[in-house]
Amino acid sequence: MTGIVVKSTGSWYVVRELGNGQLHRCRLRGKFKNKGLKVSNPLAVGDQVDFTVEEQTEGAGVIHHIEPRRNYIIRRSVHKSEHAHIVAANLDVAMLVVTLASPATSFGFIDRFLVTAEAYHIPVTLIFNKTDLYDEDLTDYQEQIAKMYLRIGYPSVRSSAQTGEGVADIDALLDGKVTLLSGHSGVGKSTLINALVPDLDLKTAEISQFSDKGVHTTTFAEMLEVRPGTYLIDTPGIKELGLVDVKPGELAHYFPEMRALLNQCRYHNCQHTHEPGCAVREAVDNGKIALPRYDSYVSMLQGDDNRR
Ligand SMILES: Nc1nc2c(ncn2[C@@H]2O[C@H](COP(=O)(O)OP(=O)(O)OP(=O)(O)O)[C@@H](O)[C@H]2O)c(=O)[nH]1
Ligand SMILES: [Zn+2]
(Lines give C-alpha, C1' and ligand atoms only; values in the text may rest on other atoms or scores of the structure.)
(Ligands and ions follow the chains in the order given, each with its own letter.)
Protein backbone atom coordinates (compact mmCIF):
# COMPACT_ATOMS: atom_id res chain seq x y z
CA MET A 1 0.00 0.00 0.00
CA THR A 2 1.07 3.57 -0.60
CA GLY A 3 0.43 6.48 1.72
CA ILE A 4 1.57 9.86 2.98
CA VAL A 5 2.98 10.44 6.46
CA VAL A 6 0.61 12.89 8.16
CA LYS A 7 2.21 12.84 11.60
CA SER A 8 5.43 11.59 13.09
CA THR A 9 6.20 11.28 16.76
CA GLY A 10 9.59 9.70 16.46
CA SER A 11 8.91 5.99 16.78
CA TRP A 12 5.39 5.91 15.34
CA TYR A 13 4.03 7.38 12.16
CA VAL A 14 0.48 8.08 11.12
CA VAL A 15 0.10 7.30 7.42
CA ARG A 16 -2.86 8.28 5.25
CA GLU A 17 -3.51 5.61 2.63
CA LEU A 18 -3.69 7.02 -0.90
CA GLY A 19 -7.04 6.54 -2.53
CA ASN A 20 -9.31 5.87 0.42
CA GLY A 21 -7.77 8.29 2.94
CA GLN A 22 -7.76 5.69 5.72
CA LEU A 23 -5.30 6.35 8.58
CA HIS A 24 -2.79 3.71 9.69
CA ARG A 25 -0.45 3.58 12.63
CA CYS A 26 2.92 2.48 11.26
CA ARG A 27 6.42 1.63 12.32
CA LEU A 28 9.54 1.83 10.27
CA ARG A 29 11.33 -1.42 9.52
CA GLY A 30 15.08 -1.46 9.40
CA LYS A 31 17.47 1.39 9.12
CA PHE A 32 16.92 4.12 6.58
CA LYS A 33 19.75 6.30 5.51
CA ASN A 34 19.17 9.79 4.21
CA LYS A 35 21.81 10.16 1.55
CA GLY A 36 24.20 13.00 2.28
CA LEU A 37 21.94 14.35 5.01
CA LYS A 38 22.74 14.44 8.70
CA VAL A 39 19.27 14.28 10.13
CA SER A 40 17.79 13.05 13.36
CA ASN A 41 14.55 11.75 11.83
CA PRO A 42 14.44 9.31 8.91
CA LEU A 43 10.82 10.12 8.02
CA ALA A 44 8.89 13.36 8.00
CA VAL A 45 5.38 14.61 7.46
CA GLY A 46 4.71 14.71 3.73
CA ASP A 47 6.87 11.70 2.92
CA GLN A 48 5.35 9.18 0.55
CA VAL A 49 5.86 5.60 1.75
CA ASP A 50 5.07 2.00 0.87
CA PHE A 51 3.73 0.01 3.79
CA THR A 52 2.06 -3.28 4.61
CA VAL A 53 -0.41 -4.14 7.34
CA GLU A 54 0.27 -7.63 8.65
CA GLU A 55 -1.98 -9.65 10.91
CA GLN A 56 0.64 -10.34 13.58
CA THR A 57 1.22 -6.62 14.12
CA GLU A 58 -2.34 -6.09 15.33
CA GLY A 59 -3.39 -3.72 12.62
CA ALA A 60 -0.23 -1.67 12.78
CA GLY A 61 1.55 -1.12 9.51
CA VAL A 62 5.18 -1.55 8.62
CA ILE A 63 6.86 0.99 6.39
CA HIS A 64 9.45 -0.54 4.11
CA HIS A 65 10.10 2.09 1.46
CA ILE A 66 10.35 5.89 1.30
CA GLU A 67 9.95 7.63 -2.04
CA PRO A 68 12.68 10.14 -2.91
CA ARG A 69 11.70 13.65 -1.73
CA ARG A 70 10.95 16.43 -4.19
CA ASN A 71 12.01 18.89 -1.49
CA TYR A 72 12.02 19.30 2.27
CA ILE A 73 12.46 21.88 4.94
CA ILE A 74 14.83 21.33 7.83
CA ARG A 75 15.47 22.86 11.18
CA ARG A 76 18.56 22.53 13.29
CA SER A 77 18.01 20.12 16.09
CA VAL A 78 17.87 21.77 19.49
CA HIS A 79 19.67 18.94 21.23
CA LYS A 80 22.30 17.86 18.78
CA SER A 81 23.44 20.94 16.95
CA GLU A 82 25.27 18.98 14.25
CA HIS A 83 22.06 17.22 13.32
CA ALA A 84 19.12 18.71 11.51
CA HIS A 85 15.49 17.73 11.79
CA ILE A 86 13.33 17.38 8.67
CA VAL A 87 10.20 19.39 9.41
CA ALA A 88 8.24 18.46 6.29
CA ALA A 89 8.77 16.99 2.85
CA ASN A 90 7.24 17.28 -0.63
CA LEU A 91 5.75 20.76 -0.26
CA ASP A 92 4.17 22.62 -3.15
CA VAL A 93 4.06 26.05 -1.54
CA ALA A 94 4.59 27.80 1.76
CA MET A 95 2.50 30.53 3.35
CA LEU A 96 4.03 32.77 5.95
CA VAL A 97 1.52 34.46 8.21
CA VAL A 98 2.75 37.88 9.33
CA THR A 99 1.11 40.90 10.89
CA LEU A 100 1.86 44.59 11.29
CA ALA A 101 0.06 44.83 14.61
CA SER A 102 -0.17 42.94 17.86
CA PRO A 103 2.73 41.94 17.64
CA ALA A 104 4.39 43.31 14.47
CA THR A 105 6.50 40.83 12.49
CA SER A 106 10.01 42.08 11.72
CA PHE A 107 11.52 42.19 8.24
CA GLY A 108 14.35 40.09 9.64
CA PHE A 109 11.94 37.28 10.42
CA ILE A 110 10.18 37.47 7.05
CA ASP A 111 13.38 37.63 5.02
CA ARG A 112 14.97 34.74 6.89
CA PHE A 113 11.97 32.62 6.03
CA LEU A 114 12.09 33.72 2.39
CA VAL A 115 15.79 32.90 2.09
CA THR A 116 15.16 29.44 3.51
CA ALA A 117 12.30 28.84 1.09
CA GLU A 118 14.47 30.07 -1.84
CA ALA A 119 17.19 27.65 -0.83
CA TYR A 120 14.64 24.83 -0.94
CA HIS A 121 12.93 26.11 -4.12
CA ILE A 122 9.56 26.49 -2.43
CA PRO A 123 7.38 29.42 -3.57
CA VAL A 124 6.03 31.63 -0.77
CA THR A 125 2.88 33.70 -0.37
CA LEU A 126 2.75 36.17 2.51
CA ILE A 127 -0.43 36.48 4.53
CA PHE A 128 -0.85 39.86 6.20
CA ASN A 129 -3.19 38.93 9.04
CA LYS A 130 -5.16 40.95 11.60
CA THR A 131 -6.01 43.63 9.03
CA ASP A 132 -8.98 44.59 11.21
CA LEU A 133 -6.43 46.19 13.55
CA TYR A 134 -4.75 48.33 10.88
CA ASP A 135 -5.58 52.05 10.86
CA GLU A 136 -5.23 54.15 7.73
CA ASP A 137 -1.48 54.65 8.13
CA LEU A 138 -0.83 51.00 8.77
CA THR A 139 -2.99 50.08 5.77
CA ASP A 140 -0.88 52.36 3.54
CA TYR A 141 2.27 50.87 5.00
CA GLN A 142 0.97 47.36 4.39
CA GLU A 143 0.31 48.19 0.74
CA GLN A 144 3.86 49.47 0.32
CA ILE A 145 5.36 46.38 1.89
CA ALA A 146 3.10 44.12 -0.20
CA LYS A 147 4.35 45.91 -3.35
CA MET A 148 7.96 45.60 -2.26
CA TYR A 149 7.60 41.83 -1.90
CA LEU A 150 5.49 41.38 -5.02
CA ARG A 151 8.19 43.07 -7.13
CA ILE A 152 10.67 40.39 -6.11
CA GLY A 153 8.30 37.48 -6.62
CA TYR A 154 6.34 37.07 -3.40
CA PRO A 155 2.60 37.73 -3.69
CA SER A 156 0.52 38.39 -0.61
CA VAL A 157 -3.01 38.23 0.73
CA ARG A 158 -4.64 40.44 3.35
CA SER A 159 -6.62 38.54 5.93
CA SER A 160 -8.47 38.83 9.17
CA ALA A 161 -9.70 35.91 11.14
CA GLN A 162 -11.90 38.44 12.91
CA THR A 163 -13.85 39.71 9.88
CA GLY A 164 -13.23 36.74 7.57
CA GLU A 165 -11.42 38.95 5.03
CA GLY A 166 -9.11 36.95 2.79
CA VAL A 167 -10.06 33.50 4.06
CA ALA A 168 -11.70 32.56 0.75
CA ASP A 169 -8.65 33.88 -1.15
CA ILE A 170 -6.32 31.75 0.96
CA ASP A 171 -8.57 28.75 0.46
CA ALA A 172 -8.39 29.23 -3.31
CA LEU A 173 -4.58 29.41 -3.16
CA LEU A 174 -4.43 26.13 -1.23
CA ASP A 175 -6.57 24.22 -3.69
CA GLY A 176 -5.04 20.97 -4.92
CA LYS A 177 -1.71 21.59 -3.18
CA VAL A 178 0.32 20.70 -0.12
CA THR A 179 0.94 23.97 1.70
CA LEU A 180 3.20 24.62 4.66
CA LEU A 181 1.69 27.21 6.98
CA SER A 182 4.16 29.06 9.12
CA GLY A 183 4.30 32.11 11.34
CA HIS A 184 5.56 33.30 14.69
CA SER A 185 3.60 32.82 17.86
CA GLY A 186 0.53 35.03 18.27
CA VAL A 187 0.22 35.91 14.59
CA GLY A 188 -3.16 34.14 14.33
CA LYS A 189 -2.10 30.92 12.66
CA SER A 190 -4.36 28.65 14.74
CA THR A 191 -7.33 30.94 14.23
CA LEU A 192 -6.75 30.86 10.47
CA ILE A 193 -6.40 27.08 10.39
CA ASN A 194 -9.70 26.83 12.22
CA ALA A 195 -11.31 28.97 9.54
CA LEU A 196 -9.73 26.94 6.71
CA VAL A 197 -10.07 23.34 7.87
CA PRO A 198 -13.61 22.07 8.38
CA ASP A 199 -14.07 19.86 11.47
CA LEU A 200 -10.54 20.61 12.60
CA ASP A 201 -10.97 19.34 16.17
CA LEU A 202 -12.39 16.05 14.93
CA LYS A 203 -9.61 15.55 12.41
CA THR A 204 -6.83 16.39 14.86
CA ALA A 205 -8.34 14.08 17.46
CA GLU A 206 -8.55 11.28 14.93
CA ILE A 207 -4.89 11.67 13.98
CA SER A 208 -3.84 11.89 17.66
CA GLN A 209 -5.62 8.63 18.32
CA PHE A 210 -3.11 6.96 16.03
CA SER A 211 0.02 8.57 17.39
CA ASP A 212 1.87 7.62 20.53
CA LYS A 213 -0.09 8.04 23.73
CA GLY A 214 1.70 9.86 26.47
CA VAL A 215 3.90 11.68 24.02
CA HIS A 216 3.45 15.41 23.93
CA THR A 217 2.67 15.69 20.27
CA THR A 218 1.85 19.37 19.89
CA THR A 219 5.38 20.21 18.80
CA PHE A 220 5.29 17.85 15.84
CA ALA A 221 4.28 18.93 12.40
CA GLU A 222 0.94 17.64 11.19
CA MET A 223 -0.67 17.38 7.78
CA LEU A 224 -4.33 18.41 7.85
CA GLU A 225 -6.83 17.64 5.13
CA VAL A 226 -8.72 20.71 3.97
CA ARG A 227 -10.50 18.45 1.46
CA PRO A 228 -9.27 15.48 -0.59
CA GLY A 229 -6.24 16.63 -2.59
CA THR A 230 -5.77 19.82 -0.56
CA TYR A 231 -3.52 19.70 2.51
CA LEU A 232 -2.10 22.09 5.06
CA ILE A 233 1.01 21.32 7.05
CA ASP A 234 0.94 22.99 10.44
CA THR A 235 4.20 23.30 12.31
CA PRO A 236 3.33 24.17 15.89
CA GLY A 237 6.15 25.35 18.08
CA ILE A 238 8.52 25.82 15.17
CA LYS A 239 9.40 29.45 15.27
CA GLU A 240 12.11 29.47 12.72
CA LEU A 241 13.24 27.34 9.87
CA GLY A 242 16.93 26.71 10.16
CA LEU A 243 19.00 27.56 7.20
CA VAL A 244 21.49 24.79 6.92
CA ASP A 245 24.70 25.18 4.94
CA VAL A 246 24.22 28.52 3.22
CA LYS A 247 27.72 29.90 2.96
CA PRO A 248 28.17 33.68 3.25
CA GLY A 249 29.27 33.81 -0.38
CA GLU A 250 26.00 32.16 -1.47
CA LEU A 251 23.57 34.17 0.61
CA ALA A 252 22.90 36.81 -2.06
CA HIS A 253 21.78 34.05 -4.46
CA TYR A 254 18.74 33.56 -2.25
CA PHE A 255 17.69 37.19 -2.56
CA PRO A 256 15.98 37.18 -6.00
CA GLU A 257 16.55 40.91 -6.54
CA MET A 258 20.29 40.49 -5.93
CA ARG A 259 20.70 37.27 -7.90
CA ALA A 260 20.41 39.03 -11.27
CA LEU A 261 23.15 41.54 -10.41
CA LEU A 262 25.78 39.24 -9.01
CA ASN A 263 27.93 38.97 -12.12
CA GLN A 264 28.06 42.77 -12.39
CA CYS A 265 30.08 43.36 -9.21
CA ARG A 266 33.71 44.26 -9.82
CA TYR A 267 34.97 41.44 -7.62
CA HIS A 268 33.72 37.93 -8.20
CA ASN A 269 33.83 37.23 -4.47
CA CYS A 270 32.03 40.48 -3.56
CA GLN A 271 29.94 40.20 -0.39
CA HIS A 272 28.17 43.48 -1.20
CA THR A 273 29.06 45.29 2.01
CA HIS A 274 32.02 47.61 1.43
CA GLU A 275 33.64 46.54 -1.84
CA PRO A 276 34.10 49.18 -4.56
CA GLY A 277 32.21 48.60 -7.80
CA CYS A 278 29.45 46.64 -6.09
CA ALA A 279 26.34 46.37 -8.29
CA VAL A 280 24.15 45.38 -5.35
CA ARG A 281 25.02 48.46 -3.30
CA GLU A 282 24.56 50.62 -6.37
CA ALA A 283 21.05 49.16 -6.77
CA VAL A 284 20.33 49.92 -3.11
CA ASP A 285 21.54 53.52 -3.59
CA ASN A 286 19.31 54.12 -6.59
CA GLY A 287 16.29 52.45 -5.02
CA LYS A 288 16.17 49.32 -7.18
CA ILE A 289 16.76 47.15 -4.14
CA ALA A 290 14.63 47.97 -1.09
CA LEU A 291 16.63 49.05 1.95
CA PRO A 292 14.89 46.74 4.46
CA ARG A 293 15.78 43.78 2.26
CA TYR A 294 19.42 44.87 2.05
CA ASP A 295 19.49 45.38 5.83
CA SER A 296 18.18 41.83 6.28
CA TYR A 297 20.92 40.58 3.97
CA VAL A 298 23.67 42.32 5.94
CA SER A 299 22.21 41.16 9.21
CA MET A 300 22.06 37.55 8.04
CA LEU A 301 25.58 37.81 6.66
CA GLN A 302 26.79 38.90 10.09
CA GLY A 303 24.96 35.97 11.63
CA ASP A 304 22.68 38.19 13.70
CA ASP A 305 19.83 36.52 15.43
CA ASN A 306 16.94 38.74 14.36
CA ARG A 307 14.21 36.17 14.44
CA ARG A 308 11.57 38.46 15.78
N1 LIG B 1 -7.87 41.33 15.90
C2 LIG B 1 -7.53 40.12 15.47
N3 LIG B 1 -7.08 39.20 16.33
C4 LIG B 1 -6.74 38.00 15.86
C5 LIG B 1 -6.83 37.66 14.49
N6 LIG B 1 -6.41 36.38 14.33
C7 LIG B 1 -6.08 35.96 15.56
N8 LIG B 1 -6.27 36.91 16.49
C9 LIG B 1 -6.00 36.83 17.93
O10 LIG B 1 -4.61 36.75 18.14
C11 LIG B 1 -4.29 35.88 19.22
C12 LIG B 1 -3.37 34.77 18.76
O13 LIG B 1 -4.06 33.95 17.82
P14 LIG B 1 -3.67 32.44 17.57
O15 LIG B 1 -4.51 31.96 16.45
O16 LIG B 1 -3.70 31.67 18.83
O17 LIG B 1 -2.18 32.64 17.13
P18 LIG B 1 -1.09 31.57 16.74
O19 LIG B 1 -0.32 32.15 15.64
O20 LIG B 1 -1.69 30.23 16.51
O21 LIG B 1 -0.21 31.56 18.04
P22 LIG B 1 0.48 30.33 18.79
O23 LIG B 1 -0.65 29.43 19.19
O24 LIG B 1 1.18 30.98 19.94
O25 LIG B 1 1.42 29.72 17.79
C26 LIG B 1 -5.63 35.37 19.74
O27 LIG B 1 -6.00 36.16 20.84
C28 LIG B 1 -6.58 35.58 18.56
O29 LIG B 1 -7.89 35.78 18.97
C30 LIG B 1 -7.30 38.67 13.58
O31 LIG B 1 -7.41 38.50 12.37
N32 LIG B 1 -7.63 39.87 14.13
ZN1 LIG C 1 28.70 43.30 -4.78
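Ala, Val, Leu, Ile, Met, Phe, Trp, Tyr, Cys and Pro count here as nonpolar, Asp, Glu, Lys and Arg as charged, and the others, Gly among them, as polar. On that basis, the shell around ligand 1 in this predicted model is made up of three nonpolar, nine polar and three charged residues.

The shell holds 15 residues, of which Ser185, Gly188, Lys189, Ser190 and Thr191 come nearest to the ligand. Among the structural elements, helix α4, which spans residues 189-196, gives the most to this shell, contributing three residues.

## Domains and their contact

The assignment divides the protein into domain 1 (2-87), domain 2 (91-196) and domain 3 (248-301). The centres of domain 2 and domain 3, taken over C-alpha atoms, are separated by 25 Å, and ten residues of domain 2 are in contact with nine residues of domain 3. On the side of domain 2 that touches domain 3, α1 gives the most, with seven residues, and the residues of that side comprise five nonpolar, two polar and three charged.

## The largest nonpolar core

The largest nonpolar core contains 71 residues, and the members that touch the most others are Val5, Val15, Ala44, Ala88, Leu96, Ile127 and Ile233. Helix α1 (residues 107-119) supplies the largest share of this core, namely six residues. In soluble globular proteins, nonpolar side chains tend to be buried together.

Alanine 88 illustrates how such a member is surrounded: when its neighbours within four places in sequence are left aside, alanine 88 is in contact with Ala44, Val45, Gly46, Tyr72, Ile73, Leu180, Ala221, Ile233 and Thr235.

## The annotated positions in the loop between α6 and α7

An unreviewed UniProt entry lists Cys265, Cys270, His272 and Cys278 under "binding site". Cysteine 265 is found in the loop between α6 (256-259) and α7 (279-285), and histidine 272 lies in the loop between α6 and α7 as well.

Is cysteine 265 buried or exposed? Cysteine 265 counts as buried because 21 C-beta neighbours lie inside 10 Å, where the cut-off is 20 or more. Histidine 272, with 25 C-beta neighbours inside 10 Å, therefore also counts as buried.

Not counting residues up to four places away in sequence, cysteine 265 touches Cys270, His272, Glu275, Gly277, Cys278, Ala279 and Val280, a list that includes the annotated Cys270, His272 and Cys278. With the same exclusion, histidine 272 touches Ala252, Cys265, Cys278, Val280 and Arg281.

How values were computed. Residues are numbered from 1 along each chain as its sequence is written. Chains are lettered from A and ligands numbered from 1 in the order in which they are written. This is a predicted model: local features need pLDDT of at least 70, side-chain atom pairs count only at pLDDT 80 or more; totals for chains, interfaces and linings use all residues. A nonpolar core is a set of buried Ala, Val, Leu, Ile, Met, Phe, Trp, Tyr and Cys residues joined through C-beta atoms within 7 Å. A residue is buried if 20 or more other C-beta atoms lie within 10 Å of its own, exposed if 12 or fewer, and partly exposed in between; C-beta atoms are placed from the backbone. Helices (H or I, at least four residues) and strands (E, at least two) are DSSP runs, numbered from the N terminus. Two residues are in contact if their C-beta atoms, placed from the backbone, lie within 7 Å. A residue is near a molecule or strand if its C-beta atom, placed from the backbone, lies within 6 Å of it. Domain bounds come from an automatic or database domain assignment. UniProt positions are given in the numbering used here, feature names are shortened, and annotations may be inferred rather than shown by experiment.
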